[in-house]
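Work through the exercises below with the sequence and the structure open. Try each task before you read its solution.

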Amino acid sequence: MELITRLLARSLLPPRDPDGHKGTFGRVYVYGGCVGYTGAPVYAGEAAARTGSGLVFVGVPGEVYPIVAARCGAAMAHPLPEDYGRLLERMEACDAVLIGPGLGRGAETEARVLALLRDLDLPVVLDADGINAVSAHMHVLDDRRGVTVLTPHEGEFARLEAGFIPGRTGREQAAADFARRHGCVTVLKGPGTIVAGPDGRTFRNSTGGCGMAKGGTGDILAGMVLSLLGQGAEPLEAAACAVWLHGRAGDLAQEALTAYAMTPSDLLGRLPAAFKELEE
């Protein structure tokens, strides 16, 4: 078990070409959103842009598109195409895809998520309802040709891992066993977030506080992992680096605003300061 420190996070950050352009730094796609959950894809998309992605696309259902589009600044929102083939084409034009923030649940949604996991060869980050969709179909995860990073909190992880009891089961060993067995990178969120890879390497985060325990912070983390994957970082390294930066931005927000009053937007706004620390 290795601790994710500032020095380690700095070594994992993808290099930035000073002569690069927006096509150099990755095209990434966020698939999520539904009625009642319009903030999640916005947070994920804006976090991806804050983490260095050159182009960020956010696909959401048509009924919530106007709301999401009005809130996106650096990310480019669009209504999801009804035709599955067109959706797949849009995703395949990108370097990495995030599935799940605010996606909602239902038979149709689940079927589409499972189809995407089967058909996409790209790196995929599964968060929130993306995780819920695969929880009863683990064979789809096992059979994937591409890289998969899962970012569950303990409740979501308990749906994936039979026998895991939040607050009682050993988090480090459970995450490591799951990652190895299913060939994925597992980010088990919580105090001292665990990042485990299929090769047995396991990390524990050193940043973050209880002020981050609010809806929306996980969507930001998922967008950050997506961004680093799209910039070419190795999956385990992308996850570990994103986790440190995410927690450090949370620390800075909590120091300035208290654990009570800080919001996910405050965390997002402090990502530049967290990145600045890695450049010092």
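## Exercise 1: Charged pairs

Arg-201 is partly exposed, with a relative accessible area of 41%. The model is a predicted one.

**Task.** Then say which residues make up the network around Arg-248.

**Solution.** 

Step 1. Start with the general point. Side chains of opposite charge can pair when their charged atoms come close.

Step 2. Apply the cut-off. A salt bridge needs a side-chain nitrogen of Lys or Arg within 4 Å of a carboxyl oxygen of Asp or Glu.

Step 3. Turn to Arg-248. Its salt bridge with Glu-277 has its closest N and O atoms 2.8 Å apart. This pair links distant parts of the chain: Glu-277 belongs to helix H13 (residues 271-279) and Arg-248 to helix H11 (residues 235-261), 29 residues apart. Glu-277 and Arg-248 are both buried.

Step 4. Follow the shared partners. Salt bridges join Arg-248, Asp-251, Glu-255 and Glu-277 into one network.

## Exercise 2: Helix H9

**Task.** Compare the span of H9 with the expected value. List its buried residues and what they pack against. Then describe the salt bridge between Asp-177 and Arg-180.

**Solution.** 

Step 1. Check the length. H9 (residues 171-182) has twelve residues. From first C-alpha to last it reaches 16 Å, close to the 16 Å expected at 1.5 Å a residue.

Step 2. Pick out the buried residues. They are Arg-171, Ala-174, Ala-175, Ala-176, Phe-178, Ala-179 and His-182.

Step 3. Look at what they touch. The buried residues of H9 pack against helices H7 (138-142) and H8 (154-160) and against strands S7 (148-150), S8 (185-188), S9 (194-196) and S10 (202-205).

Step 4. Now the charged pair. Asp-177 and Arg-180 meet in a salt bridge of 2.8 Å, N to O. Both lie in H9, three residues apart, about one turn of the helix. Asp-177 is partly exposed at 26% relative accessible area. Arg-180 is partly exposed too, at 44%.

Step 5. Read past the end. Gly-183 follows H9, and its phi is positive, near 65°.

## Exercise 3: Strand S3

**Task.** Are the residues of S3 buried or exposed?

**Solution.** 

Step 1. Count the burial. In S3 (residues 55-60), six of six residues are buried.

Step 2. Take the pairing with S2 (residues 27-31). Five bridges join S2 to S3, and the two run parallel. Arg-27 stands opposite Leu-55. The chain crosses from S2 through helix H2 (residues 39-50) to S3 in a right-handed β-α-β crossover.

Step 3. Take the pairing with S4 (residues 76-79). Four bridges join S3 to S4, again with the strands parallel. Met-76 is the bridge partner of Phe-57. S3, helix H3 (residues 65-71) and S4 make a right-handed β-α-β unit.

## Exercise 4: Arg-112 in H5

**Task.** Where does Arg-112 lie, and what is it in contact with? Which side chain of opposite charge is nearest?

**Solution.** 

Step 1. Arg-112 is in H5 (residues 107-119). The 13 residues of H5 should span 18 Å at 1.5 Å a residue, and the end C-alpha atoms are 18 Å apart, which agrees.

Step 2. Arg-112, Val-113, Leu-114, Ala-115, Leu-116 and Leu-117 are buried.

Step 3. Glu-108 is the nearest side chain of opposite charge, 5.7 Å away. The cut-off is 4 Å, so Arg-112 has no salt bridge.

Step 4. List the contacts. Leaving aside neighbours within four places in sequence, Arg-112 is in contact with Tyr-31, Pro-81, Glu-82, Tyr-84 and Leu-87.

Step 5. Follow one contact. Glu-82 lies in the loop between S4 and helix H4 (84-92). At 78% relative accessibility, Glu-82 counts as exposed.

Key. Residues are numbered from 1 along each chain as its sequence is written. This is a predicted model: local features need pLDDT of at least 70, side-chain atom pairs count only at pLDDT 80 or more; totals for chains, interfaces and linings use all residues. Side-chain values use heavy atoms; hydrogens and water are left out. Buried means under 20% relative accessible area, exposed over 50%, partly exposed in between (1.4 Å probe, protein chains only). Two strands pair if DSSP finds at least two bridges between them. A crossover is right-handed if, with the strands pointing away from the viewer, the path from the first strand over the helix to the second runs clockwise. Lys and Arg count as positive and Asp and Glu as negative; His and the chain ends are not counted. Contact means heavy atoms within 4.5 Å. The expected span of a helix is 1.5 Å times one less than its number of residues.
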